Amino acid sequence: MQLALTDEESAFRDELRTFFTSEIPAEIRERSQRGESIFPDDIVTTQRILNAHGLAVPNWPTEWGGKDWTLTQHQIWLDEMQLASVPEPLTFNAKMVGPVIAEFGSQAIKERFLPATANLDIWWCQGFSEPDAGSDLASLRTTAVRDGDSYIVNGQKTWTTLGQYADWIFCLVRTDPQAPKKQAGISFLLFEVSTPGVTMRPIKLIDGGYEVNEVFFSDVRVPADQLVGEENHGWTYAKFLLGNERTGIAGVTRTKVRLAEVKARAKELGALDDPLFAARLAETENDLLALELTQMRVSSDSVDGKPNPASSVLKLRGSQLQQAVTELFVELAGPDALPYEAGEDIASPGWAQHAAPTYLNYRKTSIYGGSNEVQRTIIASTILGL
């Protein structure tokens with residue numbers, strides 16, 4: 001395994017580094033670095049710039065805007081984007097529904113949706129989790145009954161992230177309630193969130209923010225030609241999608257950027273003189289380095305572009321380290337983390353006021369994309385053969 005970059009890879013990295021820091025507006029990158037991106041404007045603007053230069057969806061087939069890159073080049077692309085605090089292409093478009101349509105969709109579905117998905121002319125949201133089907137996703141109960149040239153959809157989805165900005169939803173629905181296994185009888189359906197019968201309600205999170213929703217379907221009529229692939233094969237498509245999602249959730253380079261900020265703040269405040277805090281910081285740095293090496297190994301060893309089962313390792317450990325860094329921020333901020341959105345009229349600096357809400361928000365990382373408990377089961381069965 002070769003972990004050092006070749007001369008060609010170093011040149012590729014430098015080219016991307018220059019592009020990200022010169023072509024993406026500085027104000028957008030600064031807001032992203034502070035965790036204050038303007039939704040949806042910053043995301044749309046950035047993705048359209050990337051797409052215009054062929055850099056929005058490099059993981060897609062080349063005929064639909066992808067790049068014939070090595071896995072190492074793909075990793076460099078992601079690392080440099082995160083290091084420059086460039087908002088990443090919308091995950092729902094670039095890493096979820098786009099690859100599923102490209103792999104399993106009909107030619108008509110591909111031509112209709114892939115160009116608009118890459119350019120973020122369509123903002124997608126995900127309709128997977130339900131109140132009684134989260135980690136046990138195969139227990140979903142939302143139904144789609146065929147009626148002539150349409151499906152009639154009834155049910156509910158929850159934790160629909162950024163659904164308030166979405167134009168379309170990609171939805172797992174049960175098309176065969178009598179299937180012998182609960183994983184069978186599930187289909188992958190696309191429809192507009194403005195379709196009559198769709199109701200979206202916000203869920204206010206513990207950090208005070210609004211980024212997720214619950215969605216209700218009441219006799220929603222969906223054209224049958226908006227089915228992806230074959231009826232009752234949706235579980236296969238969902239597993240393909242989740243494998244791609246989990247690799248990205250690791251967020252190694254994003255965590256490196258955040259950890260560097262913790263270290264800089266700690267030095268500024270003299271916290272590195274505290275041996276216990278310094279030891280925790282060093283331990284987190286070492287753990288992050290180990291995860292980075294694991295990610296590089298996974299990228300080097302993956303074959304045929306198929307999701308590697310080790311994506312569960314990356315998701316599990318990556319989410320834990322993201323949470324660890326937010327904990328260090330709160331500890332560093334101390335009592336200054338208590339005010340929330342108090343503004344500049346008090347002594348608590350803005351970064352400290354942001355520490356506690358970020359800590360609370362990041363409790364979610366060990367749940368979405370398949371809970372960490374589920375990832376441990378996958379690791380035990382698929383990788384360790386237990």
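UniProt positions are given here in the numbering of this model, and the annotations may be inferred rather than shown by experiment. Keep that in mind as we look around this predicted model.

**View 1. The middle-domain span taken from the UniProt record.** An unreviewed UniProt entry places "domain: Acyl-CoA oxidase/dehydrogenase middle" at residues 125-220. In the model this span is 47% strand and 0% helix, and its end C-alpha atoms lie 17 Å apart.

**View 2. The N-terminal span taken from the UniProt record.** Residues 6-119 are listed by UniProt, in an unreviewed entry, as "domain: Acyl-CoA dehydrogenase/oxidase N-terminal". Here we find 67% helix and 0% strand, with 32 Å between the end C-alpha atoms.

**View 3. The domain layout.** The protein is divided into domain 1 (5-88), domain 2 (122-231) and domain 3 (247-382). Between the C-alpha centres of domain 1 and domain 2 there are 30 Å.

**View 4. Helix H1 and what covers it.** H1 runs over residues 7-23, 17 residues in all, and reaches 24 Å from its first C-alpha to its last, close to the 24 Å expected. Have a look at Glu9, Ser10, Phe12, Leu16, Phe19 and Phe20, which are buried in H1. The cover over the buried residues of H1 includes helices H2 (26-33), H3 (41-52) and H4 (71-83).

**View 5. The packing of H1 and H4.** These two helices pack at an angle of about 30 degrees, their axes 9 Å apart, and their crossing is right-handed. On the H1 side, Glu9, Phe12, Arg13, Leu16, Arg17 and Phe20 take part; they meet Thr72, Gln73, Ile76, Trp77, Glu80 and Met81 of H4.

Terms used:
Residues numbered from 1 in each chain as written. Predicted model: local features only at pLDDT ≥ 70, side-chain atom pairs only at ≥ 80, totals over all residues. Heavy atoms only, no water. Domains from an automatic or database assignment. Helix = DSSP H or I, 4+ residues; strand = E, 2+ residues; numbered from the N terminus. Expected span 1.5 Å × (residues − 1). Buried < 20%, exposed > 50% of the residue type's maximum accessible area, 1.4 Å probe, protein only. Contact = heavy atoms within 4.5 Å. Axes fitted to C-alpha atoms, helices over the stretch in contact; angles between N-to-C directions. Left-handed = near helix turned anticlockwise from the far one by under 90°.
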